[in-house]
Every structure is written in C-alpha cells, then in structure tokens.
Amino acid sequence: AIVGQAELKRALLAVAANDALDGLLVRGEKGTAKSTAVRALTELLPEQRAIADCPYGCHPDDPERQCASCRDRSDYEIETRPVPLVTLPLGATRERVTGTLSVADALDGEAEFDPGLLARANRGILYVDEVNLLDDHLVDALLDAAAMGENVVEREGVSHRHPAEFVLVGTMNPEEGPLRPQLLDRFGLVVDVAGVADVDERVEISDRRAAFDEDPDAFRAEYAADQRALTRDIVDARARLAEVTFPPDVATAISE
C-alpha cells in the first residue's frame, strides 16, 4: 500500500527471502516511509515454528541453533508464531539489550538470567531507527552478537550464552550524521530512498493515509490479496535459493 519506493520494497523482500544477506540499511530523508515499510514487512513473512516455552524461540528441528536448555530436553511443545520484530530504542541500556545476570545468584554460582532484546530478536528482525545515532556501547553489543550468532553475558565470573541470530535492519537520515564504519560493514544491502516529487503520487499518499485513518480494517482488506501473494512469493523464493547460480559476468560487474 506504500506509494512508490520500489527499491526499498525490493530490498526488504530480498532480506525476507534470504536472511544470509546480513541485514539492510535504509538511508533517506524524513517522510520517505522507511520505518513504515520495515514494520509492515513482518506481516508478509510466513509464520515460523518455535519451541513454545523457550525465551529465545529456538528452532525445534535444528539442534545446532538451539540454546543449551532446549538441546538437553527430550521433548517439548511446538508453536507457530509470527516472525518477531524487535525495535531497539536509542536510549536503551546495554543490560536491556543483552540481558542481565542476577548478582546475588551469580555469587552462589547459579545465576538467574533475564533475557534482553537480543533474546527476543532471535530468528527475527532487529530494527534500529536512526541507527547512526546509536551509542557506541550498543553498537559494540550488536557487532559482537551479529558476528557470533549468539549473545554472551558475563558477570561476577559467571557467564550465560544464548542464540542471537537476527536480520539487522537500520534506517537513518544521512543529514543527522554518518554511520560508524564497523557497523556499516554489518549490512549486506544498502538502499537510498528519496521523497516523492510527483504531485499526483503525493496526492495518492495523502488519500491512502486518510483512508487508513478512517477505517484501518477496510484498508487492510483492500490489500489482503496482494499481501497473500507477496507471502507466497517469499516462500517460493526461499525454496529456490539453492538453485541460484552466480555467473561470472555478475562477479565482474560487482568487482567493477
């Protein structure tokens, strides 16, 4: 339902089809539907199977990607859930992002772990708006988790680790400052978006926004068929990933 922004939509569908692309950075001025498009993506994604009572939503069929607790269990209930979309606020503390270990329990050698945002984002999307304004200590936590595919919390000589595999999606306005090079390297795709200049399209944006505000359910129903079609496209694309070839002319174009 977003007017225009074809490059942004294509990039989001690409990371939806192949999470090995290591995330997406969207750069552009305010009012270009960056945040709206990212938050809408999860409604297009097929639901995923997860271990029901696991705080990390471990994959029930892949022990290599499970937490230690799930690997030690012989049976568990399985649920189907939407792909998590977790927003990382700029003012978050490191403890809120990585989780915390109870000091009192840690001194006894049996620490109680309180999961953070990285735990909730496992097997989902971690979204950072204004990612270029993120504090350095949070950038370091993201880089560590993204590089290892797990989150490690250590305190008072006790450590806890859990899977933290996520697609990192960041949006930013370049006018508000640059992005740290180390963080920029974590994004497999970068897309630049610009405001819509065509008058007719700007009128259409206003009309659609007004229609959504007046009756959100009716507005969603109008685009329900398109939504289902995009979901099927994502499922089909995932199934075809193994057949994708990398011809020499593409490698040459990338190098050039």
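In what order do the strands of the open sheet stand? The model is predicted, so local features need pLDDT of at least 70 and side-chain atom pairs count only at pLDDT 80 or more, while totals for chains, interfaces and linings use all residues. Residues are numbered from 1 along each chain as its sequence is written, and side-chain values use heavy atoms, without hydrogens and water.

**View 1. The open sheet has 5 strands in the order β4-β7-β10-β1-β11, with parallel pairing.** Strands (E, at least two residues) and helices (H or I, at least four) are DSSP runs numbered from the N terminus; two strands pair if DSSP finds at least two bridges between them. β4 (85-87) and β11 (189-193) are at the edges, each with a single partner strand, so one side of each has no neighbour in the sheet.

**View 2. Strand β7 (residues 124-129) runs parallel to β10 (residues 166-172), joined by 6 bridges.** Leucine 126 stands opposite leucine 168 in β10.

**View 3. The largest pocket holds about 1400 Å³ of space.** A pocket is an open set of points on a 1 Å grid over the protein atoms alone, where a 1.4 Å probe fits, with protein on both sides within 12 Å along at least five of seven lines; lining residues have an atom within 4 Å of a point. Grid points are joined across faces, edges and corners, and the volume is the space filled by probe spheres set on them. Of the 41 lining residues, Ala1, Ile2, Thr36, Ala37 and Ala40 lie nearest the centre. Helix α2 gives the largest share, 7 residues.

**View 4. The second largest pocket has a volume of about 720 Å³.** Its lining has 30 residues, with Asp19, Arg65, Arg123, Gly124 and Val167 nearest the centre.
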